[in-house]
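Open your viewer and get ready to click along. We will go from stop to stop, selecting a piece each time and looking at what is there.

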Amino acid sequence: MADGYRVYTDLAGWWPLISPPGEYADEAAYLAGVFGAAGIPVRDVLDLGSGGGGVAVHLKDRLALTLVDLSDEMLAVSRQLNPECEHIRGDMRSIRLGRTFDAVLVHDAIDYMTTEDDLRQVIETAFVHCRPGGLAAFVPDHVADAFQPVSGGGGGGSDATGRQASFTEWTWDPDPGDDWIQAEYEFVLRDADASVRVVRETHRLGAFSRATWLRLLSGAGFGAVSAEMAPLGMRGSLFVASRPAADAPAQ
Ligand SMILES: C[S@@+](CC[C@H](N)C(=O)[O-])C[C@H]1O[C@@H](n2cnc3c(N)ncnc32)[C@H](O)[C@@H]1O
């Protein structure tokens with residue numbers, strides 16, 4: 001369960017050092033270009049699974065963002081960074097805000113959907129919050145067709161109190177026949193008093209095929225879909241789906 005992962009709960013205060021907001025600048029610029037080319041004016045955007053607000057911080061000057069996350073602790077981190085944005089606690093599978101947006105963004109948090117049913121629910125959430133003619137952008141880190149095990153790392157940020165954090169990540173696929181892969185993380189956390197802790201955590205991350213994505217997006221009612229596998233400037237792949245300007249009448 002994503003809401004049980006320590007990095008998003010009791011360790012969330014370390015998130016800006018583990019995943020510094022500056023690292024999201026390129027992806028945010030790419031997404032701003034996608035919204036800018038949408039063919040409709042995009043101003044109101046719903047960000048589902050907004051985490052520490054690392055994408056939002058680069059978009060909030062040009063967009064009115066509503067940020068939704070499951071974790072109170074991650075929302076608190078994002079509120080510090082993005083006090084001018086509306087923050088709402090909710091599950092991207094089931095939240096219903098009773099309003100629509102020009103665009104819905106589900107960045108890397110979509111990785112925490114590990115069954116087709118969960119992914120379908122998030123796509124439905126995006127659809128019902130998209131105004132007719134609006135668009136939804138999904139940025140999964142892993143797509144089954146293109147999955148390659150990787151080892152890497154990041155972080156390295158430090159703050160005014162002297163805290164520092166970095167992480168190492170290994171991804172692998174225990175069973176290519178299912179819809180998820182596994183990521184092993186090792187977080188190295190150096191506190192202000194110079195004490196160092198190492199925390200290890202295993203995450204289960206979705207890796208659906210391109211065909212599954214296209215089928216679920218079309219099944220939810222989205223019209224045109226563009227699918228880009230790991231475009232330059234993005235860490236993940238990008239599915240952009242448009243909600244038809246006028247929905248088909250019910251049969
Ligand atoms: C990798 S972080 C997102 C980082 C974010 N892109 C940023 O800019 O900081 C993943 C986030 O997904 C959230 N999450 C996982 N499952 C969720 C769900 N079902 N509904 C809403 N948020 C969820 C976690 O709480 C976590 O904050």
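How many bridges join strand E7 (residues 164–172) to strand E8 (residues 180–190)? Select both strands: they run antiparallel, and 9 bridges join them. Strands here are DSSP runs of E with at least two residues, helices are runs of H or I with at least four, and both are numbered from the N terminus. Before moving on, note that this is a predicted model, in which local features need pLDDT of at least 70, side-chain atom pairs count only at pLDDT 80 or more, and totals for chains, interfaces and linings use all residues. Residues are numbered from 1 along each chain as its sequence is written.

**Stop 1: the sheet.** Click Trp-172, then its bridge partner in E8, Gln-182.

Stop 2: Select Glu-186, which lies in strand E8. Leaving aside neighbours within four places in sequence, Glu-186 is in contact with Phe-167, Thr-168, Val-198 and Arg-200 (contact puts C-beta atoms, placed from the backbone, within 7 Å). Draw a distance from Glu-186 to Arg-200: their C-alpha atoms are separated by 4.5 Å, although the two are 14 residues apart along the chain.

**Stop 3: helix H5.** Select residues 116–129, the 14 residues of helix H5. Colour the buried residues of H5, among them Leu-119, Val-122 and Phe-127. The buried residues pack against strands including E1 (44–48) and E4 (101–106), and against helix H6 (210–220).

**Stop 4: two domains.** Finally, colour domain 1 (2–143 + 209–242) and domain 2 (144–206) separately; such bounds come from an automatic or database domain assignment. Their C-alpha centres lie 20 Å apart. Where they meet, 26 residues of domain 1 are in contact with 24 residues of domain 2. Helix H1 (15–18) and H5 each give two or more residues to the domain 1 side, and H1 gives the most, with 3 residues.

Definitions and conventions. The expected span of a helix is 1.5 Å times one less than its number of residues. A residue is buried if 20 or more other C-beta atoms lie within 10 Å of its own, exposed if 12 or fewer, and partly exposed in between; C-beta atoms are placed from the backbone. Two residues are in contact if their C-beta atoms, placed from the backbone, lie within 7 Å. Two strands pair if DSSP finds at least two bridges between them.
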